[in-house]
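Dear colleague,

I am passing on to you the structure we spoke about, with the sequence alongside. Please look it over first, and then read the notes below it.

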Amino acid sequence: MHSNGLAIDVQSLSYSYGNHKALDQLDLSVTAGQIFALLGPNGSGKSTLFRILSTLIAYRQGQVRVLDVDVNQHQSQVRHLLGVVFQSPSVDPKLTVRENLLCQATLYGLHGSLLRSRLDQVTQQMGLSERLGDPVGKLSGGQQRRVELAKGILHRPGLLLMDEPSTGLDPVARLELWQILRELQQNHSVTVVLTTHLLEEADKADQIAILDHGKNVAQGSPTALRDELGDQVLSVQAQAPCEILQWLLDRSIAAQLYQQTIRATGSGVAQLVSPLMETWGNQIQSVTVGRPSLEDVFMARTGHYFAGPIST
């Protein structure tokens, strides 16, 4: 365990592409030993943050430390501490599984008995022991992702970074991927940090940070973040939603308007269905009550849908 107990420590990080600010005074901390998800829609800044953490781009404003090492000042050291699995495949489809892993081993100076031992370990972990002689291009999408993971952990990193790991995987392969990540976390003390735009994937993580327009707008466990909204969400679609919204606000109900839909959160909002229908029934098109989701958390923190602002 490093001195401050953090696998990642980001402070006041800003990054721009020309006039576009991708990260805006971002603060983020990831405790070692967690599976941590960076959740955000396209343009939220998560990919830029991933590139900085993986040393692909340097930053000029703020501070970033990975496993207690400054990313800008000690890039080579950080790269040896990291395992990285990119969204785009980094395996050579014409090479066998073994050949792909041997190429990765060369980058980290692994050879001899240590290399043989590591190959045995990672291929058993990933269920690839019987596929070492197969060209990667002939494997299924899920098996190819396992090869990517095997490459990423071959040198035993303390931190595994994954960019949109479920992209292109079917539901069974996604489930198998998460089983592997949990095994790495629990049995090998690997911290896993992944980016995702999938709400259901982020829900599986121990902790998440929700990014929007380059800012960390919410951080915590998925359960804790949902609980902040209470145990119910009331959604009302209506022809004249502004009047109904004001009716709710006058009764100290936490409510917001998203296009033509009102969303109210809190314990007991289901009890409002009857008085709403009695008062506004001729204007209401639909009323639903459910449990808060991560999308509700995102909307409560940002004022717009997860996919982005919607024009009216």
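The notes that follow take up the domains, the pockets, one proline and the cysteines in turn.

Please keep in mind that this is a predicted model. The protein is divided into domain 1, which covers 6-225, and domain 2, which covers 230-291, and the C-alpha centres of the two domains lie 41 Å apart.

The largest pocket holds about 350 Å³ of space, and of the 18 residues that line it, Val84, Phe86, Gln104, Leu107 and Tyr108 are the closest to its centre. Strand E6 (82-85) is among the elements that supply at least two residues of this lining, and E6 gives the most, with four residues. By class, the lining of the largest pocket has seven nonpolar, eight polar and three charged residues.

The second largest pocket, with about 200 Å³ of space, is lined by 18 residues, and Lys46, Ser47, Thr48, Arg51 and Asp163 lie nearest its centre. Helix H1 provides the largest share of that lining, five residues, while the lining divides into six nonpolar, eight polar and four charged residues.

Pro165 lies in the loop between strand E7 (159-163) and helix H6 (171-188), and counts as buried because its relative accessibility is 1%, where buried means under 20%. Leaving aside neighbours within four places in sequence, Pro165 is in contact with Arg145, Leu177, Leu194, Thr195 and Glu201.

Finally, a search of the whole structure finds zero disulfides; Cys103 counts as partly exposed at 44% relative accessibility, whereas Cys242 is exposed, with a relative accessible area of 54%.

With best wishes

Technical notes:
Residues numbered from 1 in each chain as written. Predicted model: local features only at pLDDT ≥ 70, side-chain atom pairs only at ≥ 80, totals over all residues. Heavy atoms only, no water. Domains from an automatic or database assignment. Disulfide = S-S within 2.5 Å. Buried < 20%, exposed > 50% of the residue type's maximum accessible area, 1.4 Å probe, protein only. Contact = heavy atoms within 4.5 Å. 1 Å grid on protein atoms, 1.4 Å probe; cavity = no way out; pocket = protein on both sides within 12 Å on 5 of 7 lines; lining within 4 Å. Points joined across faces, edges and corners; volume = space filled by probe spheres on them. Nonpolar A, V, L, I, M, F, W, Y, C, P; charged D, E, K, R; others polar.
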